Amino acid sequence: MGTSTRLVHLGNDPHSFHGFVNPPIVRGSTVLFPDCATMESRNQKYTYGTRGTPTTDALCEALNALEGAAGTVLVPSGLAAITVPFLAFLSSGDHALIVDSVYGPCRYFCDTMLKRLGIEVEYYDPEIGAGIEALLRPNTRLVHTEAPASNTFEMQDIRAISDAAHRHDCIVTMDNTWATPLYFRPLDFGIDVSIHATTKYPSGHSDIVMGSVSANAAAWPRLLEAQTTLGICGAPEDSYLILRGLRSMAVRLDHHQNSALAVAHWLEGIDAVERVLHPGLESFPGHEIWKRDFKGSSGVFSFVLKAATPDQFKPKAHAFLNALSLFGLGYSWGGYESLALHVNLNDRTIRKAPSAGPVIRLQIGLENIEDLKRDLEVGFRAAAAV
Ligand SMILES: *Cc1c(COP(=O)(O)O)cnc(C)c1O
């Protein structure tokens, strides 16, 4: 069945809830058992609030189907969707390879908490491909990928990386937030654990913070064990809203994709723009990998604003951003509204910030493109005056 059809019908069985098309929001801590024998054996579907309710299960079932996963756990944020599997699969003395262009707070977690727990973290070039083999050590246990890269959108050869890592018995994780399972299915490319900030497109309305982690059959028991041990779980109300967001995600993403590509192409023709960082553009270095592996592109990309000297980077970026009125200045993305920010790449050790100018990231929302272009033109005029 087609993706839109599946999104509409996944994760709910109306006839088990008196025919209502949406599942009820089942909240709860205590679940009663009919007798001591059942309580002792825990031989019933639900046993306690932290272990899932019919509402969280409905979302997990939908995500399992979309990801082709053996199991999915829900967590309270996209960041927790990274830290929980890292804690599940890494132990003191292990070595982990993390892509240098990773989501910033993931890097902070690695450099602080993982380090304190005695795990050695090494960053690698996003475009390393099969060359990752040379970095794998006998104690390398986890390789983390994210494609396209946060903020700079480099693509990764996921199949080549996961094949090399599996030859060395590593778990391979991927942050798939940008593409969503509609445009990329990590497990089909050898990934063991697919990570999402469902805060973004699955929510779609900037009103929920939540994450999901989906695993293949080999990785699932250990992931579930870690989540249960840590006592981290997803809330029923949030699960309900994410499931509701999924129903319209294909339509929204299609709109984000078309508008973002239109704005990206338009930006390529603007004098003040040095380069547009969007994997869907033929001019972009990772375009061939994107075309080969991905089914679409979402609404977030960046561009490099021309600046003659480094001391102009910040003033020009700020002048541009402060002049915008439709694009809000704010973190996150995936909602209905357009956003913009000046990207900070100071923590990169391998893929350093471009030298030609500041990097501006845009999330293209559901507004009319002509209005967005006019807003950006105001920004370019303000930047030119600096
Ligand atoms: C936003 C984001 C996250 C974190 O999600 P939160 O719900 O904000 O914690 C993780 N990975 C990527 C790629 C993101 O863009």
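Helices (H or I, at least four residues) and strands (E, at least two) are DSSP runs, numbered from the N terminus. This is a predicted model, in which local features need pLDDT of at least 70 and side-chain atom pairs count only at pLDDT 80 or more, while totals for chains, interfaces and linings use all residues. Residues are numbered from 1 along each chain as its sequence is written.

**View 1**

**View 1. K200, a lysine with a UniProt annotation.**
Look for K200 in the loop between strand 6 (193–197) and strand 7 (211–215). An unreviewed UniProt entry lists K200 under "modified residue: N6-(pyridoxal phosphate)lysine". UniProt positions are given in the numbering used here, feature names are shortened, and annotations may be inferred rather than shown by experiment. K200 is buried, because 25 other C-beta atoms lie within 10 Å. The cut-offs are these: a residue is buried if 20 or more other C-beta atoms lie within 10 Å of its own, exposed if 12 or fewer, and partly exposed in between, with C-beta atoms placed from the backbone. Leaving aside neighbours within four places in sequence, K200 is in contact (C-beta atoms, placed from the backbone, within 7 Å) with T177, S332, W333 and G334.

**View 2. Helix 10 and its buried side.**
Helix 10 takes in residues 249–268, 20 residues in total, and reaches 28 Å from its first C-alpha to its last, close to the 28 Å expected at 1.5 Å a residue. The expected span is 1.5 Å times one less than the number of residues in the helix. Buried in helix 10 are M249, R252, L253, H256, A260, V263, A264 and L267. Because they cover an arc of only 105° around the axis, they lie on the same side of helix 10. The arc is that of the directions from the helix axis to the C-beta atoms. The cover over these buried residues includes helix 1 (3–9), helix 7 (180–183), helix 9 (236–247), strand 8 (273–277), strand 9 (300–305) and helix 13 (369–384).

L372, L376, G379 and A383 are the buried residues of helix 13. Seen down the axis, they fall within an arc of 50°, so they line one face of the helix. Their packing partners are helix 10, strand 9 and helix 12 (313–322). On the face turned away from the buried side, helix 13 carries the exposed residues E370, D371, R374 and E377.

**View 3. W290 in helix 11.**
W290 sits in helix 11 (residues 287–293). W290 counts as buried because it has 23 C-beta neighbours inside 10 Å. Apart from neighbours within four places in sequence, W290 is in contact with M155, P279 and G280. From W290 to H278 is 12 residues in sequence and 10.0 Å in space, C-alpha to C-alpha.

**View 4. Some backbone details to look for.**
Most residues other than glycine have a negative phi, and most peptide bonds are trans. The peptide bond from A147 to P148 is cis, with omega near -10°; P148 belongs to the loop between strand 4 (140–146) and helix 6 (158–167). H18 is not a glycine, yet has a positive phi of about 60°. H18 lies in the loop between helix 1 and helix 2 (36–41), and is exposed because 7 other C-beta atoms lie within 10 Å. T180, in helix 7, also has a positive phi, near 60°. T180 counts as buried because it has 23 C-beta neighbours inside 10 Å.

**View 5. D311 in a loop.**
D311 is found in the loop between strand 9 and helix 12. With 9 other C-beta atoms within 10 Å, D311 is exposed. D311 and G357 are 46 residues apart in sequence, and their C-alpha atoms are 9.7 Å apart in space.

Key: Two residues are in contact if their C-beta atoms, placed from the backbone, lie within 7 Å.
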